[in-house]
Amino acid sequence: MAPTYCSGLPRPTQSVSKRYCPAIVCCLLVLCMAFFTAIAPAYAQDQDSPAEISKTLDTVRAQIDKLQNDLDEAADQPLEDSELLNLRDTAQEASEQAQKAESTLEPLLASMQARVAELGEPVAGIKEAPDVATQRRELSKNLSMLDAQIKLARLIDVEAGQANVRILQLRRAQFQAELGKRSNSVLDGEFWGELRTLLPQDINSLQPVWKELKSAAQGQGKRVWLAMLLGIAAVMVLRKLAARLLWTLTTTRVAPGRLRRSLYATAQLALATITPGAIAEIIHAGINAQSILSSELDGLLNQAAGAAYFAGFVTGLGRALLSADRPTWRLMSLPDPVASGLQWYPAVLAITLTAGWIAQKLATLVNASLAATVVQNSLMTLILGTLLAHAMRRAARLRRPPAPDPHATSEPAPVPMPAGYFFARGLVWTAVIISFACLALGYIALGSFISRQTAWVLIVLGSAYLLNGLIEDGSDSILAAIKRNTGDEHYTRPMTRLRSQAIVLLAGGGRLLVLLLALVLLAAPFGDGPAAWLQRLDYLHNGIAIGEIQLRPATMIFALLVLLIGFGAVKMVQVWLTRQYLPTTSLDPGMRLSAATLFGYAGYVLAIGLALSAVGIGLERVAWIASALSVGIGFGLQAVVQNFVSGLILLAERPVKVGDWVTLDTIEGDIRRINVRATEIQMADHSTVIVPNSEFITKIVRNVTHENPLGRVQIKLALPLDCDAEQVHDLMLSTFTDNLDILKEPAADVMLEGVDAGGLRFSATGYVHTPRAAYQVRSALLFELLKRFKAANLTLLNPTTMVLKEAGVLASSGASGSGTQSPDNPAPETGSA
């Protein structure tokens, strides 16, 4: 029979490479999205019968009633923290079973309601068929039973949540009361006198534990001990081999950079955590191999194995961050003397914390006296405070290097330290001073809590620093690899940018998750442990009700997934249309771009609709959204919507299209892109002007290349009256027809516009294939005309100049000079294109 050490203590609980057409692939994706959207509200349910669920709910109902009674009695007789934890586990299990029962019964209830609705209401005065009446009564009975069970499950869930809140409040109250409790100071003689009196009794209470552990160890045969030694040796050998393999892989397979250091530090931490825990598990299994330990002692050994894992984690974390043997692999910017001088402190801190925690559990197991517990807490406070203070003092001394010259009048400047060092230093010194003062004043529990919490904060912050560094270095390395593989010229492509943005977002989400986890761990000693936080997160499983819509995290994540897949599919099809399909059609480039743009708009709207359906918002429920948008449009979105609608009109009617040469007010250039809100026009100097789409609808626009894309070249010249008009006509016409850029149809022509005192006025007109070539062709024709006129001894009329002199004499001559052009003798003109 296993011995019982303290009947008043609760028994500890055990924790349980063909290339496919992108259009086909994207169509399949759209069909899959539609299928998943249709089945999104349906969840996989356990095939439990309603009768079994009813029995389960009755059992859970009884557990909740007993739990409520225990909490009511706790107001008069406070419960131990372990008992409150057991009650919390019971409440959480009851809540989970109630939620499971509710999720199982709800589809059955919906099915019953649909069958009753199919039968319809009985018609007054008409007798139903016997089988229909029997089926109606059976369905009504089952419907009432299912509705009652669902209401009972919801009630149990609510009461379990309320019980959890009460348990959390009780634990906080006990925690605050324990911290505020004052006992005799360690400097008081009465304190030590009480300890001397109760010390023999505490030593005797340890005898049953020692005897059982000793008998269990002696009861193991030589084979068990040999197996234990071989297991421990194997763990140590594997630890050495894994460390060498880790060093080889990180130096040969990982690219140089911070990621190599972060990965090595993380893997080193994992090895340091597993090794002592595995050894402790082997020892526990060996002691318990051929003997049956009591549940109390077996639970203590299990907890000791967990403490060994924690000790290995603390030691490995310190070694990973300090990296005293490999300074170039150090993550933190610590000086080498400081890192080398502090390399043994993490191991000492881990041993101190583990030993103190096991001693506290052992004292609770044997029901040690209050004086022994106070002495234990005092010793832990003194040891931890002294250790932390000594580490800070040693770091401050090592960061100041010795003077190279003994006769130097000034000391060298201290070595720079990371910003976190000064925060840790201030935190440690403040905590040590306060904890020692609490010991002197008799607040032993408060002083012990402050010292333990200081060490816990340093451990959590160090772990968060390592994980954040690993996430950041990993994302930077992936981004650098993408840029290196794609090249600088392809790095700005949409898909490459999308991948880079996704990596940055994932890294940011990971760092946020690390921050939240650190906050949860820091709040654990105050009563809000990870279990309480996970329980609160579990409450979100039911979702948030907004009117008739139930927003659940699972459906929100699924809707986001549908939206992302939908946008990706639309983008892939749009790229395929633009690059592969539409170029094979007879559509012009502007129409091809318009078609791809309209497809993108329709696809995005469809993807948003599927995402809303996945959440549970049907298209019939979007009326209130449209109403809210109408109000917003009336106040602030009118211009945006006007430009959007104008863009759709431009894409549909195509008064202007991509590639057209347009003139709008003082803006003249080529249309490069028609977007949702505005149109991009490239000017002659290659600058881009962004014009709202509504400007093309509400204002007068000159489209040079709208219907007839030909360009006109017109040149006007003035010649003297005595020149041969036929000769000038033939010379100008031959100049136009000899130019290869002048089209044969419509043919070039030369006209005599007028004869006056100033001379003969000729106008020559020709056409080119595009208005954009008119300017260059006109310049070439002018050069050729001047050359041929000179060879034919034909002279052009010079413009008459008028110069007003101070004497008031008006001089008029044909010589060139400064003056004003006479309207009767214009210079050579050219027509606009």
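This is a predicted model: local features need pLDDT of at least 70, side-chain atom pairs count only at pLDDT 80 or more; totals for chains, interfaces and linings use all residues.

Student: Why is the contact between Arg154 and Glu102 called a salt bridge?

Tutor: The closest N and O atoms of Arg154 and Glu102 are 2.9 Å apart, and the rule asks for a side-chain nitrogen of Lys or Arg within 4 Å of a carboxyl oxygen of Asp or Glu, so the pair qualifies. Side chains of opposite charge can pair when their charged atoms come close. By this rule the count comes to 18 salt bridges.

Student: Where in the chain do Arg154 and Glu102 lie?

Tutor: Arg154 belongs to helix α4 (residues 130-180) and Glu102 to helix α3 (residues 81-119), so that the pair links distant parts of the chain, 52 residues apart.

Student: Why is Glu102 called buried, and why is Arg154 called partly exposed?

Tutor: Glu102 has 12% relative accessibility, and because buried means under 20%, that label applies. Arg154 has a relative accessible area of 42%, which lies between the 20% and 50% limits and is therefore partly exposed.

Student: What makes Lys151 exposed, and what is its salt-bridge partner?

Tutor: The relative accessible area of Lys151 is 52%, and since exposed means over 50%, Lys151 is placed in that class. Its partner is Asp147, with the closest N and O atoms 3.2 Å apart; Asp147, at 31% relative accessibility, counts as partly exposed. Both residues lie in helix α4, separated by 4 residues, or about one turn of the helix.

Student: How do you know that Arg258 and Asp473 tie together separate parts of the chain?

Tutor: Their side chains meet in a salt bridge at 3.3 Å, N to O. Arg258 lies in helix α8 and Asp473 in helix α14 (residues 444-486), so the bridge ties together parts that are 215 residues apart in sequence. Asp473, at 5% relative accessibility, counts as buried, whereas Arg258, at 36%, is partly exposed.

Student: What sits over the ring of Trp247?

Tutor: The charged end of Arg326 does, 3.8 Å from the ring centre.

Student: Finally, which residues make the nonpolar surface patch, and why can Phe436 be included?

Tutor: The patch, of about 330 Å², is made by Leu379, Leu382, Ile383 and Phe436. Phe436 has 32% relative accessibility and counts as partly exposed; because patch residues need over 30% relative accessible area, Phe436 meets that requirement. Phe436 is found in helix α13 (residues 419-441), while helix α12 (residues 370-398) supplies the largest share of the patch, 3 residues.

Note on methods:
Residues are numbered from 1 along each chain as its sequence is written. Side-chain values use heavy atoms; hydrogens and water are left out. Patches are made of residues with over 30% relative accessible area and no salt bridge: like charges are joined within 9 Å, nonpolar side chains (Val, Leu, Ile, Met, Phe, Trp, Tyr) within 5 Å. Accessible areas come from the Shrake-Rupley method with a 1.4 Å probe; for residues, only the protein chains shown count as cover. Helices (H or I, at least four residues) and strands (E, at least two) are DSSP runs, numbered from the N terminus. Buried means under 20% relative accessible area, exposed over 50%, partly exposed in between (1.4 Å probe, protein chains only). A charge sits over a ring if NZ of Lys or CZ of Arg is within 6 Å of the ring centre and within 35 degrees of the ring normal.
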